[in-house]
Amino acid sequence: MVRKLFLTLAAAASALAISGAAWADITVLVPSGSEGDGLRAAAADYAKMKGTKVETVQAPYANVFEQGANAGATKSGVFDIILMDDPWIPFFAENGHLEDLTPYFKKAGLEGPDNDFLSKSLAICRNPYNSGPYVCLPYVGNAQMFFYDAAKYKEAGVDAPKTWDDVLKASKKLTEDGGGRYFGYVFRGGQGNPVVADFMPIFWSYGADLFNADRSKVTIDTPEGAAAMKMFMALRDVSPKGVESYNANEVGTALAAGTSASSINWPNWVATFEDPSQSKMVGKISYTAIPAGTKPGSSEIGHWTMGIMSASKNKQEAFDFMLWATSPEQIKISAERGNPPVRASVFTDPELTKQEKFRHYPVLMEAIQASTPRPRHPKWPEIENAFGIELSKAVAGTITPEEALKNAQAAVEQITGLK
């Protein structure tokens with residue numbers, strides 16, 4: 001059945017690629033970094049194959065959101081496709097900035113995305129989550145994993161960390177023995193997205209969440225939230241000084257240099273850690289699932305997804321490009337260029353899995369399938385920023401953990417109008 005769907009999709013994509021009609025140019029908004037670089041390379045391949053121009057506009061993370069939101073609000077049509085971080089989807093969809101892909105699939109003779117895509121990768125592309133129509137397609141399969149130096153953890157009496165208590169036990173011992181030069185843990189403590197992304201898996205593992213099930217009540221300042229904050233503060237105490245200002249580069253540098261033993265991190269860092277020119281830890285870092293608290297551990301999913309802007313003047317051309325770019329063949333090429341895949345066939349492709357640099361694929365595939373999306377709220381960027389300001393203050397010690405939860409609760413209630 002899966003092979004049949006592959007062939008259907010491949011045939012559809014091939015037919016689109018060789019059709020003789022002259023297509024209009026399309027413009028794609030992408031983020032800086034490996035995710036955007038991968039799609040830029042694919043766009044160049046597509047343009048060469050088609051003999052048409054695919055323009056990519058690349059911008060920093062926050063600017064992609066701002067430029068996309070502005071284009072949507074003004075209906076400028078300046079962008080045909082936006083490569084979005086998945087928590088942005090409710091904002092773009094619920095403000096009418098994204099095209100429903102259903103009629104485009106039907107026109108291509110498809111019922112929807114094929115079942116080679118991971119189910120969690122597809123769930124985030126529907127709005128409402130996992131139930132509404134598809135408003136985008138998954139392209140980069142990000143989800144967090146737990147990275148740790150297995151040899152150091154074993155020295156500290158923990159063979160494989162299954163719980164946050166295991167992580168804290170090993171990290172305390174390693175930090176105590178490190179004499180201020182080596183630390184058991186490291187995390188992103190900077191305000192906004194960095195600290196929220198590194199806190200959410202801990203938050204969830206203690207049974208906490210930002211909202212109740214129907215998104216009618218803010219639930220940050222709860223006993224479960226307090227238990228998660230207690231562990232987070234304990235991990236801060238076994239991390240480098242100044243971690244409240246750390247972002248991805250500082251965390252990556254600490255792991256690659258072998259000055260910190262463990263962290264929650266994203267799969268795009270694997271290539272750095274396994275590169276002898278950038279890392280002292282080649283072959284020494286192990287990858288595993290997010291540890292459990294009082295509940296099973298769950299990764300934060302962080303996929304990059306492609307959607308068609310509703311004001312686009314080239315919607316069919318945009319869909320045709322998206323269908324081609326997310327085909328099994330192209331997702332494999334994207335993986336070879338360094339982007340984690342979104343298809344089971346690529347995760348299990350023997351040509352990839354036999355390579356040392358892809359040894360984390362089994363863990364990552366399971367992490368995606370066990371992942372949790374950030375709250376699906378159209379005001380998520382504001383919510384994340386407010387929550388992250390309070391968390392970072394707690395990490396810095398300028399307010400107490402209790403104050404951070406109380407302040408965050410009040411701030412998110414004000415943003416959402418909920419109690």
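Q: Is Trp324 buried or exposed?
A: Look at relative accessible area; under 20% means buried. In this predicted model, Trp324 has a value of 9%, so Trp324 is buried.

Q: Where does Trp324 sit in the chain, and how far is Trp324 from Gly178 in space?
A: Trp324 belongs to helix α13, residues 315-325. From C-alpha to C-alpha, Trp324 and Gly178 are 51 Å apart. In sequence, 146 residues separate the two.

Q: How do I read a pair of aromatic rings, such as Phe147 and Tyr287?
A: Check two things: the distance between ring centres and the angle between ring planes. Planes over 60 degrees apart count as edge-to-face. This structure has 28 aromatic pairs. In the pair of Phe147 and Tyr287, the centres are 5.0 Å apart and the planes meet at 85°, so the pair is edge-to-face.

Q: Which parts does the pair of Phe147 and Tyr287 tie together?
A: Phe147 is in strand β5, residues 145-149, and Tyr287 is in strand β7, residues 285-288. The pair therefore links parts that lie 140 residues apart in sequence. Phe147 and Tyr287 are both buried.

Q: Which residues form an aromatic cluster with Tyr185 and Phe187?
A: The cluster includes Phe146, Tyr148, Tyr153 and Trp164.

Q: Which charged residues lie over a ring?
A: Look for a charged end above the face of a ring. Arg126 lies over the face of Tyr134, 4.9 Å from the ring centre. Lys152 has its charged end over the ring of Tyr182, at 4.8 Å from the centre.

Q: Why is strand β3 described as largely enclosed?
A: Count its buried residues. In β3, residues 81-85, five of the five are buried, so the rest of the structure largely encloses this strand. Then check each face. On one side, Ile81, Leu83 and Asp85 are buried; on the other, Ile82 and Met84 are.

Q: Which strands are joined to β3, and do they run parallel or antiparallel?
A: Look at the bridges and the direction of each strand. Strand β1, residues 26-31, runs parallel to β3, with two bridges between them. Val28 has Ile81 of β3 as its bridge partner. Strand β8, residues 304-308, runs antiparallel to β3, with five bridges. There, Ile82 partners Gly307 of β8.

Methods: Residues numbered from 1 in each chain as written. Predicted model: local features only at pLDDT ≥ 70, side-chain atom pairs only at ≥ 80, totals over all residues. Heavy atoms only, no water. Phe/Tyr/Trp six-rings, centres within 6.5 Å; stacked < 30°, edge-to-face > 60°. Helix = DSSP H or I, 4+ residues; strand = E, 2+ residues; numbered from the N terminus. Buried < 20%, exposed > 50% of the residue type's maximum accessible area, 1.4 Å probe, protein only. Lys NZ or Arg CZ within 6 Å of the ring centre and 35° of its normal. Pairing = 2+ DSSP bridges.
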